[in-house]
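Welcome to this guided tour. Keep your viewer open and follow along, one selection at a time.

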Amino acid sequence: MAERIMMKGNEAFAEGAIKAGCRFFFGYPITPQNEIPEYMSRRMPEVGGTFIQAESEVSAINMVYGAGGAGARAMTSSSSPGISLKQEGISYIATAEVPCVIVNVARGGPGLGGLTPSQADYFQAVKGGGHGDYHMIVFAPGSVQEIIDLMYEAFVTADKYRNPVMVLADGLLGQMMEPVVLRDWEDLQIPEKPWASTGMVAGKPQSVINSLGLAPEELENMNIRLQNKYRTIEENEVRYEEDGVEDAELIIVAYGTSARVSKSAINKARAEGKKVGLFRPITLWPFPSKRLAELAEAGKRFMTVEMSAGQMIEDVKLAVNGKSEVEFYGRYNGAIPSVTEVYQAIMKSFEGREVHK
Amino acid sequence: MEKRITVIGGAYGSGKTEFSMAYALEQAKKGYQVGLIDLDIVNPYFRSRDQAEELAHLGINVVSTEPGLENSDIPALSPRIYALFQDQAYQRVIFDVGGDPVGARALGRFNPYFALAGYEYWMVINPFRPGTRSVQETTELIGKLQTASRLQITGLVGNINLGRETTPELWLEGLPLIETISDILEIPIVYQMVSSQFAPMLRPVIPVKYDVFEVDLRMRPSWMDM
């Protein structure tokens, strides 16, 4: 069954999770994502699920650890400062290889920051905000429909690799309203999880969910296993979207709200005859480095547009490995770049270039 | 039907703020002195206070929280709200209330003033939004809004749309829900609100018995509909 409905991004995170078979939500309120727990508090009882408002973010992430460790599809959501509080739990979860989904509807920082949208949690999400050598898989939706679709993919991918998945959006994506198609996933089935810790059964080996590795060899082996898994994920799970990159001289690399604003600016610059394209990473980790390297080899130059002081630009620079220029345009402290500002940045990038041809 | 005080409420994302601003502008154009009270203490995005400066130029006094706290997450109400209640120089006072019963609760403390001054309480309904998609859930929401606000809903404002995917067929698909609610609860439909962008397409299918209220959407950046 598919139905059309006007949804806010935050409602889409929640309903998208329910449609994906998530039946356990643990969270603690923080603006601008409060509609997620609020929606879940109403919907979870309707579908026979569990909603718990925990006493803190630390408590909520550890409840996810427990429910995920018992094999359930479980999630939490928060916003920037709340996500910082969850980092210890995320590191444990990644190490214990417990599948779960964590939604970050990011707001302006650093510190307590403000309530307005931001993309300044990129480093925290993709480089490992907690301690140790681990990775979350990070999805970055660019529309309310994509929030719904990626919530499903997030739970499937988490189970597939026994790994935490973060869905990272800025506050505006959480608050904006768009028409969406809400459907039941026909292939929805939660895989068997023989590793899950669900109590002792005679004849069944004991399942242990743990992140402790006191013996050095044991700990190194665990890390080698994790790293091998991350290489497999890098090989198989990269997602991105391209628009007009083939003939482009300049490629704007942007995700989420920045990509939406950039798209309008690119159309405007194209109308002026400038060859500009859009490259939108959908997975921020694994990052679409290979494809960006190919585009750099093909002679394209790049500009990242971010709602931060410039974070993803580091990954773009690593990907192109000095073979191409990488420029930056950003607004931060919770500000959203305007179409005009991005357009002007694009036009400026073309200044004085055409004469050399 | 028009009273000095009009309260605009409803579910989250039903179109309350867009309607409140457009209605305030219309009243100002008619020559009334208009005050718009942004009572949304639930959600810090897409609020009428974001447009306070532009609206002031158009003759509308927007009262929200105390200056400097506009972007805070503090559920604090300005004492200037009482001034608008009592200052008869304001011929039209419009309350733009936060969504759902949690938003409507902020109205409760003003109960003695509403009782004294009289009011209209209009509920904006989009049948394509969560929470108002069936007669049952909409009726339940109305009950909860009335309990939380301690006011009676006196009018319905239809806001039938699916954003950029709105069509005449879709508008007609959404209409029966609002008409049924109006019939069952005996609450009149005061307006059918349509985005001015879609008005030429929708007007031909809207029954003539309805007052169509055209709204220039003010809160939505253009890139959102690319």
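Two strands count as paired if DSSP finds at least two bridges between them. With that in mind, select L36 of chain B: L36(B) stands opposite V62(B) in β3(B). Bear in mind along the way that this is a predicted model.

**Stop 1: the sheet of chain B**

Now widen the selection to strand β2(B), residues 34-39, which is joined to β3(B) by 4 bridges. The two strands run parallel. Next, bring in the rest of the sheet. Which order do the strands follow? Reading across, you pass β3-β2-β4-β1-β5-β6-β7-β8 of chain B, 8 strands that form an open sheet with parallel pairing. At the edges stand β3 (60-63) and β8 (212-215) of chain B; each has a single partner strand, so one side of each is left without a neighbour in the sheet. As you look across this sheet, neighbouring strands are turned by 25° against each other on average, direction ignored.

**Stop 2: where the chains meet**

Show both chains together. The contact between them involves 19 residues of chain B and 21 residues of chain A. Colour the chain B side by class and you will find 10 nonpolar, 5 polar and 4 charged residues.

**Stop 3: the two domains of chain A**

Move over to chain A and give its domains separate colours: domain 1 covers 2-199 + 209-236, and domain 2 covers 242-356. Taken over C-alpha atoms, the centres of these two domains of chain A are 28 Å apart. Where they touch, domain 1 of chain A contributes 26 residues and domain 2 of chain A contributes 23 residues.

The most comes from α6(A), with 4 residues. By class, this side of domain 1 of chain A holds 16 nonpolar, 7 polar and 3 charged residues.

**Stop 4: a helix pair, α1 and α7 of chain A**

Two packed helices are described by the angle between their axes and the distance between the axes. Select α1(A), residues 9-19, and α7(A), residues 144-161: their axes come within 8 Å and cross at roughly 30°. Angles under 35 degrees count as roughly parallel, and α1(A) and α7(A) are therefore roughly parallel to each other. The crossing is right-handed.

To see the contact itself, show side chains on α1(A), including F13(A), E15(A) and K19(A), and on α7(A), including I147(A), M151(A) and Y152(A). Sorted by class, the contact of α1(A) with α7(A) has 8 nonpolar, 2 polar and 2 charged residues.

**Stop 5: a second pair, α11 and α12 of chain A**

For the last stop, select α11(A), residues 289-297, and α12(A), residues 312-320. These helices pack at an angle of about 60°, with their axes 8 Å apart. α11(A) and α12(A) are therefore oblique to each other, and their crossing is right-handed.

Which residues make the contact? From α11(A) come S289(A), L292(A), A293(A) and A296(A), and from α12(A) come V316(A), L318(A), A319(A) and V320(A). By class, the contact of α11(A) with α12(A) has 7 nonpolar, 1 polar and no charged residues.

Key. Residues numbered from 1 in each chain as written. Chains lettered and ligands numbered in written order. Predicted model: local features only at pLDDT ≥ 70, side-chain atom pairs only at ≥ 80, totals over all residues. Domains from an automatic or database assignment. Contact = placed C-beta atoms within 7 Å. Nonpolar A, V, L, I, M, F, W, Y, C, P; charged D, E, K, R; others polar. Axes fitted to C-alpha atoms, helices over the stretch in contact; angles between N-to-C directions. Parallel < 35°, antiparallel > 145°, perpendicular 65-115°, else oblique. Left-handed = near helix turned anticlockwise from the far one by under 90°.
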